[in-house]
Amino acid sequence: MQIRKISDAEKGKTRKLYEEIFSEDSVSFVDYYYTEKTRDNTIYVVEEDGAVRAMLHLNPYTLMVNGKEEPSHYIVAVATEKEYRKRGYMAALIRTALGDMYQAGEPFTFLMPAAEEIYLPHGFSTVYEQEQRCFEGEGNLPEEWSAKRAAPGDGARIGVAAEKSLRGRAKVYAKRDEAYYERLIREYESDGGCLMICEKDGQIVDCLPAVPQTSKDRPKIMVRPVNVRRLLLLLELNYLTAVCFRVTDPLIPENNQVFMLTGTEFSGVMLMEGKPENSEGTLTVEALTKLVFGSVSPDEIEREPGVTVTERMKEELRKIVPLSPIYLNEVV
């Protein structure tokens, strides 16, 4: 077995496995993916018996986190050929990708699981359910609104409107700019759909996909810290805070540290290396995710496996402003 990050010229070798595992995707969409998305993504593979038997793709996104631009990767197209499953290939790919993302200084990564239980053993936690909003005809829009199909060249204008909207209502979202929407227009069109621009008095008020088939399901998004220090430094506080705690992470050894977190609502988080004897409790990387992204409160955190907290530590953790609401509605 060999695990490696393949070159751009080799990415086409993974298409056969992609089409085998993700057979629900149309040929036109796969064409789009292997023309557009693989242009700047990273693909890790497991090679065995002279061929690609498993793969994991990292698709790059710039995320806005508390108003700061942060590099991150969306983990997609995790697949293993049927005859080569139950050999630990996926775990090895995840560990390799996490190690490289840690070295790059990325605060966290995210994915949309086929099933949550697949990724729970690897430190991922569900923090968000995607909104499923689609264009259903002008008759379903407010009376003052009009709609038109987005075309190449509309990306910059859509991006300005989307950034303005999201900046005021989400703590975490993918940066919306011209390149984001120009690519998204091509993405929907590759699968028989399109992006619709909704306007009122000549101003963009919404942007909705029009797709042939819609699902009532709300896909889940799971998040995993990559560089815990970088993640903690992105947080905001609502009061003078001082707390010392240990983080445990079985996959990224560098995250196994005792952190002394201090700061105020004005300074933001400041971190120092804490002494083990001063630690007031232990947070697993999963519990830290749930706490930071607001899916579990400081009062509930002690119910998580592997967590210990003092009452004073819980009081201090209440001063951390969660990274919520989240808006990560990307597909690939």
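**A walk through the fold**

In strand β10, the bridge partner of Leu195 is Pro209. Two strands count as paired if DSSP finds at least two bridges between them. Strands here are DSSP runs of E with at least two residues, helices are runs of H or I with at least four, and both are numbered from the N terminus. This is a predicted model, in which local features need pLDDT of at least 70, side-chain atom pairs count only at pLDDT 80 or more, and totals for chains, interfaces and linings use all residues. Residues are numbered from 1 along each chain as its sequence is written, while side-chain values use heavy atoms, with hydrogens and water left out.

Start with the sheet around that pair. Seven bridges join strand β9 (residues 194–200) to β10, and the two run antiparallel. Strands of a sheet pair through backbone hydrogen bonds, either parallel or antiparallel. β9 and β10 belong to an open sheet of three strands, in the order β7-β9-β10, with antiparallel pairing. β7 (146–149) and β10 (203–210) stand at the edges; each has a single partner strand, so one side of each is left without a neighbour in the sheet. From one strand to the next, the twist averages 30 degrees. Two helices pack on this sheet. Helix α5 (residues 155–167) touches β7, β9 and β10, and its direction makes about 105 degrees with that of β10. Helix α6 (residues 178–190) also touches β7, β9 and β10, and its direction makes about 125 degrees with that of β9. Such angles run from 0 to 180 degrees between N-to-C directions, with axes as lines fitted to C-alpha atoms, for helices over the stretch in contact.

Now follow α6 to another helix. Ser190 is found in α6. Is Ser190 buried or exposed? Its relative accessible area is 11%, so Ser190 is buried. Buried means under 20% relative accessible area, exposed means over 50%, and partly exposed lies in between, with a 1.4 Å probe and protein chains only. Which residues does Ser190 contact, leaving aside neighbours within four places in sequence? They are Ser26, Ser28, Phe29 and Tyr32. Contact means heavy atoms within 4.5 Å. Helix α2 spans residues 27–35, and its Phe29, Val30, Tyr32, Tyr33 and Tyr34 are buried. The buried residues of α2 pack against α1 (15–21), β3 (51–65), β4 and α6.

Tyr74 stands opposite Phe110 in β5. β4, helix α3 (residues 89–103) and β5 make a right-handed β-α-β unit. Right-handed means that, with the strands pointing away from the viewer, the path from the first strand over the helix to the second runs clockwise. Look at the side chains of β5 (residues 108–111). Phe108 and Phe110 point one way, Thr109 and Leu111 point the other way, and all are buried. Four bridges join β5 to strand β11 (residues 220–225), with the strands running antiparallel. In β11, the bridge partner of Thr109 is Arg224.

β11 points on to helix α8. The buried residues of α8 pack against β6 (125–129), β11, α7 (228–233), β13 (241–248), β16 (281–284) and α9 (311–317). Why is α8 (residues 285–292) largely enclosed by the rest of the structure? Six of its eight residues are buried, so the rest of the structure largely encloses it. The buried ones are Val285, Ala287, Leu288, Thr289, Leu291 and Val292. Just after α8, Gly294 takes a positive phi of about 80 degrees.

One more residue is worth a visit. Ile326 lies in strand β19 (residues 326–327). At 9% relative accessibility, Ile326 counts as buried. Not counting residues up to four places away in sequence, Ile326 touches Val127, Tyr128, Val172 and Phe293. Ile326 and Ala174 are 152 residues apart in sequence, yet 9.7 Å apart in space, C-alpha to C-alpha.

Finally, step back to the whole chain. It holds nine helices and 19 strands. Of its 332 residues, 52% count as buried. Among contacts with a separation of 6 or more, 70% come from residues 24 or more positions apart. The C-alpha atoms fill a box of roughly 60 × 60 × 30 Å, taken along the principal axes.
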